[in-house]
Amino acid sequence: MDIVLLVKAAIMGIVEGLTEFLPISSTGHLILAGSLLGFDDDKAKVFDIAIQTGAIFAVILVYWQKIKSTVVALPRQPKAQRLALNIFIGFLPAVVLGLLFGKVIKAHLFIPTVVASTFIIGGFIILWAEKRPPGSVRVEHVDDMTAWDALKVGLVQCFAMIPGTSRSGSTIIGGMLLGLSRQAATDFSFFLAIPTLIGAGVYSLYKERALLSVADIPLFAVGLVFSFISAWLCVRWLLKYISTHNFIPFAWYRIAFGIVVLATAWSGAVVWAD
């Protein structure tokens, strides 16, 4: 196995883990990082989706007690049954729209200039959402969400199919606009990520299995490990951060980073691969 390729896999894993659960778009960062590293062929695109599973294992570890208690209580406790049903309901829109439009979106929108543009647009949306007058919070805790709340958040999550939008940003900011507390929106975003990202990873590996071989196992293993470690650190930090801070710094980061990518692309200072 090429050592340089393994180093690229490690870098991509770190990028995935650090950006998956922040409102700054992991897919967008992976597209840009892959373009800079020359790691953007068809196999690399499968790799980008597959290593999301490493980040999800980090969420499972952080939320293990909640997940375990919910699973154990499912046969007899309405609260646990409601949470499981809400996660399923929130997951469905991504499945349907992903199957209908996923191929078209990947063919036409997975390019650096689109990512940079959605970085900027998403940043302004976060600024608008955070600077709105405080509204009434209807749902303080994730266990109090209704099926209708879950469906609306699931529909908002589908905006993240556009690269650069951010799945966590869509669900957290969208959830807050829909009446969820910051904590409830963040928790549900993490829970919703488990079936969404695992499903996307398994489906991508199955669909593109002809591209892969046993020789690719070390490459994917390195990406998964580094994705898991960096995501675990990031999730633990984020849960502490949201208790006392808002998402405005991430909005300015998105805007500044998007402008830099567009400026370097238009000036020719950086040749971003399409």
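Reply: In this predicted model, α7 crosses α12 in a left-handed sense. Where the two helices touch, the residues divide by class into 16 nonpolar, six polar and three charged.

Me: How are α7 and α12 directed relative to each other, roughly parallel or roughly antiparallel?

Reply: The general idea is to compare N-to-C directions, and an angle over 145 degrees counts as roughly antiparallel. Here helix α7, residues 112–131, packs against helix α12, residues 248–267, at about 155°, and their axes are 8 Å apart; α7 and α12 are therefore roughly antiparallel.

Me: Where does Asp-216 lie, and is Asp-216 buried or exposed?

Reply: Asp-216 belongs to the loop that joins α10 (182–207) to α11 (217–241). A residue counts as buried when its relative accessible area is under 20%, so Asp-216, at 9% relative accessibility, is buried.

Me: Which residues is Asp-216 in contact with, once its neighbours within four places in sequence are left aside?

Reply: With those neighbours set aside, Asp-216 is in contact with Lys-43 and Leu-211. As for Asn-86, which is 130 residues away from Asp-216 along the chain, the C-alpha atoms of the two are separated by 36 Å.

Me: How many disulfides does a search of the whole structure find?

Reply: A disulfide calls for a pair of cysteine sulfur atoms within 2.5 Å, and the search of the whole structure returns zero. Turning to individual cysteines, Cys-158 counts as buried because its relative accessibility is 10%, and Cys-234 likewise counts as buried, at 7%.

Technical notes:
Residues are numbered from 1 along each chain as its sequence is written. This is a predicted model: local features need pLDDT of at least 70, side-chain atom pairs count only at pLDDT 80 or more; totals for chains, interfaces and linings use all residues. Side-chain values use heavy atoms; hydrogens and water are left out. Helices (H or I, at least four residues) and strands (E, at least two) are DSSP runs, numbered from the N terminus. Buried means under 20% relative accessible area, exposed over 50%, partly exposed in between (1.4 Å probe, protein chains only). Contact means heavy atoms within 4.5 Å. Axes are lines fitted to C-alpha atoms, for helices over the stretch in contact, and angles run from 0 to 180 degrees between N-to-C directions. Angles under 35 degrees count as roughly parallel, over 145 as roughly antiparallel, 65 to 115 as roughly perpendicular and the rest as oblique. A crossing is left-handed if the near helix is turned anticlockwise from the far one by less than a right angle, and right-handed if clockwise. Ala, Val, Leu, Ile, Met, Phe, Trp, Tyr, Cys and Pro count as nonpolar, Asp, Glu, Lys and Arg as charged, and the others, Gly among them, as polar.
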